[in-house]
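Biologist: I would like a close look at a single part of this fold, taken slowly and with its surroundings. Please start from the question I put once the structure is in view.

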Amino acid sequence: MSVVSLLGVKVLNNPAPFDAKYQFEITFECLEPLQKDLEWKLTYVGSATSSEHDQELDSLLVGPIPVGVNKFIFEADSPNLKRIPTSEILGVTVILLSCSYDDREFVRVGYYVNNEYDTEEMNDDPPAKPVIEKVRRHVLAEKPRVTRFAIKWDSEDSAPAEFPPEQPEADVVEDDGTAYGAEEEELEAAEAGAVEGADAVQEDAEDEEMAGAEDTAGPSAPKAEDEESDAGSEDLEAESSGSEEEDIEEEEVEGDEDMEMGEDGEGAAHTEAGKGEKLQGQHPGEVMVH
């Protein structure tokens, strides 16, 4: 907690000629007695590209500081033109109003400052060498940039913590890195199991499809072949039976003729009988070929 709080800053002479003094009305509050004075300082930024051209316009010690709200006027001289690059005199720059206690800065207020000629003709066509008598400054007092810093005041208790407070319970808590690694391993294992399960399901589905294809396509072919073989065997049997009947009839007819022919036809009868037996012996061979 800051012992001194800045309540407000008011720029009194604004706008003003470039070489006029800066005047600020500063209001602050002090919460407890201070052993040392406050140091107020005004800095002019001479160049936007280098801090070498920065110059301290003025500084002021204020004290002793009574407890409560305090107000005073702070005046500072205009910047030294010799320390500002010629190309940086006109245009936008910055001034910094800061306050320190025991060489420790605790508040800083920054303002943009626009330096330009007081006539449009000179702004449109500025001379090669700036004419300082014609240059006016305009502090953008409506948009200050305030920065505060925690410092040590008179007591040690007011000093800001240089290190984070001790947390004994933090040693008991499980390391986040270990827990994070374990979670990653569990996640990878779960993903691997899911992939294996999907592969197994896919293999089972393929096996079932192949088995179904064999059941549907396998038995029909032999059945058709059996039907064809049965049909073929029936035809062969029909043909063989028909031929046997014809042969038997022929034999009977020839036998009658032979019986009528008598002894002279015995040789022929034996010959025809031999042919009949030969033909009868060939019928089973034709069936076996099938």
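Is phenylalanine 28 buried or exposed, and what is its relative accessible area?

Modeller: In this predicted model, phenylalanine 28 has a relative accessible area of 1%, and because buried means under 20%, this residue counts as buried. The ring of phenylalanine 28 pairs with that of phenylalanine 72, the centres lying 6.2 Å apart and the planes standing at 75 degrees, so the pair is edge-to-face. Since phenylalanine 28 belongs to strand S3 and phenylalanine 72 to strand S6, the pair ties together parts that are 44 residues apart in sequence. Lysine 71 touches Glu25, Ile26 and Thr27, leaving aside residues up to four places away in sequence, and its C-alpha atom is separated by 8.7 Å from that of glutamate 29, 42 residues apart along the chain.

As for the sheet around these residues, 3 strands make up an open, antiparallel arrangement in the order S1-S3-S6, in which S1 (4–11) and S6 are the edge strands, each pairing on one side only. Strand S3 (residues 22–30) pairs with S1 over 7 bridges in the antiparallel sense, and valine 4 stands opposite cysteine 30 in S3. Elsewhere, Tyr22, Phe24 and Tyr111 form one aromatic cluster, and arginine 137 lies over the face of tyrosine 22, at 3.7 Å from the ring centre.

Methods:
Residues are numbered from 1 along each chain as its sequence is written. This is a predicted model: local features need pLDDT of at least 70, side-chain atom pairs count only at pLDDT 80 or more; totals for chains, interfaces and linings use all residues. Side-chain values use heavy atoms; hydrogens and water are left out. Contact means heavy atoms within 4.5 Å. Two strands pair if DSSP finds at least two bridges between them. Helices (H or I, at least four residues) and strands (E, at least two) are DSSP runs, numbered from the N terminus. Rings of Phe, Tyr and Trp (its six-membered ring) pair if their centres lie within 6.5 Å; planes under 30 degrees apart count as stacked, over 60 as edge-to-face and the rest as tilted. Buried means under 20% relative accessible area, exposed over 50%, partly exposed in between (1.4 Å probe, protein chains only). A charge sits over a ring if NZ of Lys or CZ of Arg is within 6 Å of the ring centre and within 35 degrees of the ring normal.
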